Structures are given as C-alpha cells and as structure tokens.
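Colleague: I would like a close look at one part of this model, the packing between helices. Please take me through it with the cut-offs.

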Amino acid sequence: MAKAATRASDDTGSPPPPTHNRERPPEPQRHQASREELLEYYRQMLLIRRFEERAGQLYGLGLIGGFCHLYIGQEAVAVGLQSAMEPGKDSVITGYRDHGHMLAYGIDPKVIMAELTGRAAGISRGKGGSMHMFSVEHKFYGGHGIVGAQVSLGTGLAFQHKYSGDGGVCLAYFGDGAANQGQVYESFNMAELWKLPIIYVIENNQYAMGTSVNRASAEDQLYRRGESFRIPGLQVDGMDVLAVRGAATTALDWVRSGKGPILLELKTYRYRGHSMSDPAKYRSREEVQSVRDKSDPIEAVKRELAAAGVSEEELKKLDSDIKKIVTEAADFAEQSPEPEAAELYTDVLVETY
Ligand SMILES: Cc1ncc(C[n+]2csc(CCOP(=O)(O)OP(=O)(O)O)c2C)c(N)n1
Ligand SMILES: [Mg+2]
C-alpha cells in the first residue's frame, strides 16, 4: 500500500529548512483618486488608445514593418500599475505588446512612434521596432518577443535591486499564455527563496493568439499560480484603473517591506487581433462588442469624471490635445531619417555600461 508522503527526519545533518511565507497581503482597496489623478489616468489611457489606433493605420499604410501588437482595451493595466511606480528607481520589463507600457511610463510618444517606423530617432535607434523597445535611462528593459522570457529576465533585475540595495522593485508583465511556460516557475521558486523585490503581473486578456485561457490552462485562476511557491496572488479587475492602482499599492507595500514577490492577475481584454495579421476567427464580433459596451476602461473613467463635475468642454479640450500629440508623433516618425547602415554593427555585443 502506498504510504502518505512524510517529511524526512532531521537526523541527516542537513540544515533546517528556510522559513516561508504564510502571511497574506490585505485585500486591496479601490484607489480613492483626486479629481487631478483621475484626469491624469484618463489622459494617459486615451493617449495610449489614440496612439495605438494611429499605429494601426501606419501599419496599414506600410510604414510599420514586422510584427505589431496593439494594446487597445488593456490600457487600465499599464496606467494603473505604472502610476504607483517610481520611474528611474523601479524597473519594468514586458513582452512584445509594449507600446502602452512605455507611454504610461511617461516616455515621449515621438520616440516610440519613430521606433515603430524604424527611424534613427526611435527609442531603440530604429533597430528594435514594435516588439523591442528599450530604455536603460528609464529602467525599461524591453520589449521581448520570446513568450515568457521576460519573467526570468525580470527576476534577474529584481536580484540586481536586492544585491545593490537600491530600493527598487521590478514589475514583470506577462500574458495568460506565457503563464504556462516552464521558466516562469523556475523563476518563482528562486524569487521566493531569495525574497526578491518583484511584482509578477499576469495580463490575462483571455487569449494567447487564438487560444482562450480555458482551453490552454488546467488552472485558469491564474492568480493562484504562485501558490506552490508560497507566492501570494491577487485577482484584480484590469478594466478598472482605480482597482488596478489600489492593487499596485498593496503589492508595492508587500514587496518594499521585504516580504518577497507577489503575483497580480489582471483580468482584461484585447479588442484588436493578437497582432495586425490576425483574422480573429476564434471569437465573435458580439463578444468583443459586449466587452466594449459593458467594461471599457476609458468610458468608465469618463463617467467618474462627469460625476466629479468635469465638464464636457474640459474633456473635449483634453481629447483634442491628445489628438495633436499623436499627430505630431506620427509626423515626426514619418519625417525623421532611417538609421545609417553602420548602425548594423552597434549594440550587437555588450560594450561598456
Ligand atoms: C517561446 C515562444 N513560443 C511561442 C511564440 C509564439 N507566440 C507569440 S505570442 C504568443 C501568445 C502569447 O499569449 P499571451 O502570453 O497570452 O500574451 P498576449 O499576446 O495575449 O499579450 C505565442 C504563442 C513565441 N513568440 N515564443
Ligand atoms: Mg493573452
């Protein structure tokens, strides 16, 4: 008869096991935003949406080459989380759906659009394109095309924060599909053992290319994926920027107090195809429309702003300011020169840091 597994006795001479987390973070509270904060979240989310719409058009015109993954629908995730971080101190890493994260981090839309069109003025000097945006200055470490790769790289960034004692926290974003990659769990194990300052953010937009999360995941409650490593997880409404900001505060308090990693699952939705070349046959138009109608993150904040007494005129002015910023970014991206051929030989090997 099979015996139940028991813990080996301690007469082996091996050291006692490390102490592990049993504590849980408190339930996150929806952020109580001031009128100014709310306006700023609205502004940033709208900037991302308009920017992405324009990127889609430029792609259609053949001005953007290669892959291009839009962030439309998911804006509240990057805006809510980034608003709680300290740029220049905390680090960020994400996958290929990265334009929105850069914008939410306050990086100039011109250099992001110029990167998309492969121009020398782009943030990766026109050599990274949509999927490989990078800025050491902003501690924004990509932009990664290999699904899940950013999770182990982000764990390394968190190790660096701890080793150097710089007080920073790494925010590592990945998708519901990436959550099934093996390296994610190797990273979780080390991060918890070493109590690394990292927030793992699963952007659960319900699909990995054409596969829905329920078809691909035995445990589809992704916030529970850290449990066997004793990493606490929280499930958050990723269509509500104030809920996201509240969860970011709880997660940052946990990590900054030295308790090790935490996992956030943001339930969100992408309105567009996986990339610009996705015919989207795996879901109905009605499904997409129903999310737009019921849970759009920008419309939700617009309603809150109206309730807070912000006038139609003020919102219209903000809308036209954003359109202007995006038009200027697109013009800049179309007009600036391509990189010199000699650029092919730079940034290939690590030189000096
Ligand atoms: C290691 C690896 N396997 C497969 C792919 C192809 N691929 C690109 S995106 C993607 C889906 C990932 O979905 P998810 O993690 O949910 O992110 P989302 O696109 O929804 O943001 C796949 C399978 C890849 N780029 N890298
Ligand atoms: Mg996904």
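Modeller: Here is the helix packing, pair by pair.

This is a predicted model: local features need pLDDT of at least 70, side-chain atom pairs count only at pLDDT 80 or more, and totals for chains, interfaces and linings use all residues. Residues are numbered from 1 along each chain as its sequence is written, with chains lettered from A and ligands numbered from 1 in the order in which they are written.

Take helix 1 (residues 35-60) and helix 11 (residues 312-335). Their axes come within 9 Å and cross at roughly 40°. Helices here are DSSP runs (H or I, at least four residues), numbered from the N terminus. Axes are lines fitted to C-alpha atoms over the stretch in contact, and angles run from 0 to 180 degrees between N-to-C directions. The crossing is right-handed (the near helix is turned clockwise from the far one by less than a right angle).

Contacts (C-beta atoms, placed from the backbone, within 7 Å) involve Arg43, Leu46 and Phe51 of helix 1, among others. On helix 11 they include Leu318, Asp319 and Ile322. The contact residues divide into ten nonpolar, no polar and five charged. Asp, Glu, Lys and Arg count as charged; Ala, Val, Leu, Ile, Met, Phe, Trp, Tyr, Cys and Pro as nonpolar; the others, Gly among them, as polar.

Now helix 2 (residues 75-82) and helix 8 (residues 241-256). Their axes come within 8 Å, crossing at roughly 40°. This crossing is right-handed. Ala76, Val77, Val79, Gly80 and Leu81 of helix 2 meet Val241, Val244, Arg245 and Ala248 of helix 8. By class, that contact has seven nonpolar, one polar and one charged residues.

Definitions and conventions
Helices (H or I, at least four residues) and strands (E, at least two) are DSSP runs, numbered from the N terminus. Two residues are in contact if their C-beta atoms, placed from the backbone, lie within 7 Å.
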